[in-house]
Amino acid sequence: MPQGRQPHLLLVAGARLLEAWFPGIVGELRAMGAVDLDLSADIYWHQGGGVTRRPRSTLHGPAMSRPLLERTVRKRVEALAPVRIRDRTTVAGLATDAAGTRVTGVRLQDGSSLAGDLVVDATGRGARSLAWLAELGYPAPPTSVVEIDTRYVSQIYRRDGVDPGWGAAVVVDEPAAKRLATALPLEGDRWIVLLTGLTGLNGETPPLAETDRLAYARSFPSPVIAELMAASEPLGEPVTHRFPTNQRRHVERLRRFPVGWVPLGDAVCSFDPIYGQGMTAAAMQARALGASLDRTGRVSRRFARRYFRAAGRTLAAPWSIAVGGDFVYDGTSGPRPSEPTSSTGTWPWPAPPRSTTTRSR
Ligand SMILES: Cc1cc2nc3c(=O)[nH]c(=O)nc-3n(C[C@H](O)[C@H](O)[C@H](O)COP(=O)(O)OP(=O)(O)OC[C@H]3O[C@@H](n4cnc5c(N)ncnc54)[C@H](O)[C@@H]3O)c2cc1C
């Protein structure tokens with residue numbers, strides 16, 4: 001997962017779902033060095049020409065690297081009695097019954113196959129199984145694509161006893177600059193600092209070299225992130241990532257599909273990452289999947305339809321937040337969200353809803 005080296009903030013809803021599935025996991029993450037953040041009181045947030053107030057809240061979440069989260073969840077999953085994880089195994093296709101109406105497992109790259117009542121495609125935004133289903137004559141789900149072309153440059157720093165007086169910081173530049181800086185704490189007494197810009201929308205591309213990045217961070221409306229960078233020692237090299245489009249596959253509108261197959265996570269919906277919604281949205285789809293299976297009792301067309309509808313409902317709000325925020329900028333292209341949305345704010349976080357709604361098409 002190339003994006004694993006970029007900052008990954010777990011939203012409160014995601015942390016709560018993980019805790020419900022794996023009791024004690026948030027404490028375990030803290031014991032491994034994850035930093036507990038009050039997502040209101042601990043965050044210095046500069047946007048629209050000022051700093052937001054920071055009242056205490058009950059919205060707490062652990063801040064850590066994606067690999068720490070991944071390792072910890074993986075250990076918990078591995079400990080579940082019937083689970084077996086196969087490392088270094090590539091799925092190369094779907095196995096189906098003779099009529100091609102039911103998925104019966106997967107074919108592996110080494111030529112072997114695995115049987116299964118239900119195949120969940122969680123292969124990320126590429127959703128490999130869609131190409132295999134197309135070969136069997138199944139249509140792809142209708143897909144909304146909103147182009148943004150955002151560039152990430154991230155660098156890890158040693159904390160070195162620096163206490164800036166906040167737990168994490170977000171500085172959103174004026175809308176015309178189309179750029180943002182953020183600093184999040186990581187386990188191991190480290191920070192990760194992200195500079196990002198909407199390059200594809202004629203915004204800026206953050207520079208790579210440390211001195212250039214420092215100068216760049218100093219040009220933001222608040223100096224706090226530049227001050228943190230100047231006081232801390234960089235560890236390793238900066239890491240870049242390019243993210244082209246918000247992409248939502250409307251599985252809730254799928255009419256023809258084989259029984260025994262469902263997609264989940266980025267395979268269904270992949271958002272502008274600056275909103276930090278991907279992992280939480282994937283967890284919410286997993287909850288919808290479990291509930292749909294519990295409700296219908298077996299893998300059937302009815303089960304899949306129920307899950308597709310539930311996943312669609314779950315994704316409507318985060319999609320509208322991400323896409324609504326992105327449409328503030330000239331040049332954003334693609335279908336606007338059809339739901340009334342609060343897209344009157346500035347990227348990346350829209351302002352609270354007003355009484356007016358945006359035009360939809
Ligand atoms: C730059 C960036 C920053 C982000 N920041 C955040 C954030 O702050 N907070 C947040 O919640 N989300 C964030 N996200 C989104 C988050 O990374 C994704 O939403 C999340 O990882 C989706 O999980 P997934 O399991 O669906 O897909 P992935 O995490 O992409 O995992 C897909 C997996 O499938 C495997 N795979 C692919 N093909 C095959 C195959 N044929 N056979 C076997 N395995 C296969 C891959 O190796 C990979 O392990 C960010 C994304 C990016 C790009």
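Select Arg 248 and Glu 252 to begin: their side chains meet in a salt bridge, 3.4 Å from N to O. A salt bridge here is a side-chain nitrogen of Lys or Arg within 4 Å of a carboxyl oxygen of Asp or Glu. Arg 248 is buried at 4% relative accessibility, whereas Glu 252 is partly exposed at 22%. Buried means under 20% relative accessible area, exposed over 50%, and partly exposed in between, with a 1.4 Å probe and protein chains only.

A word on what you're looking at: this is a predicted model, where local features need pLDDT of at least 70, side-chain atom pairs count only at pLDDT 80 or more, and totals for chains, interfaces and linings use all residues. Residues are numbered from 1 along each chain as its sequence is written, and side-chain values use heavy atoms, leaving out hydrogens and water.

Next, pick Glu 187 and Arg 190. This salt bridge has its closest N and O atoms 3.3 Å apart.

Now go to Glu 233 and Arg 158, whose side chains form a salt bridge at 3.0 Å, N to O. Glu 233 belongs to strand 13 (residues 233-249) and Arg 158 to strand 9 (residues 143-158), so the pair ties together parts 75 residues apart in sequence. Strands are DSSP runs of E, at least two residues long, numbered from the N terminus. Glu 233 is partly exposed at 34%, and so is Arg 158, at 36%.

For a network, select Glu 28, Lys 75 and Arg 76, which are linked by salt bridges. The structure holds 15 salt bridges.

Last stop: strand 10, residues 168-172. How many of its 5 residues are buried? The count is 5 of the 5, so the strand is largely enclosed by the rest of the structure. Colour Ala 168, Val 170 and Val 172 for one covered side, then Ala 169 and Val 171 for the other. In a regular strand, side chains alternate between the two faces of the sheet.

Then show the neighbours of strand 10. Strand 2 (residues 43-47) runs parallel to strand 10, joined by 4 bridges; look for Ile 43 opposite Ala 168. Strand 11 (residues 179-186) pairs with strand 10 in the antiparallel sense, also over 4 bridges, with Val 171 opposite Ala 181. Pairing takes at least two DSSP bridges between two strands. Finish at the hairpin of strands 10 and 11: 6 residues lie between them, and Lys 178 in the turn has a positive phi of about 50°.
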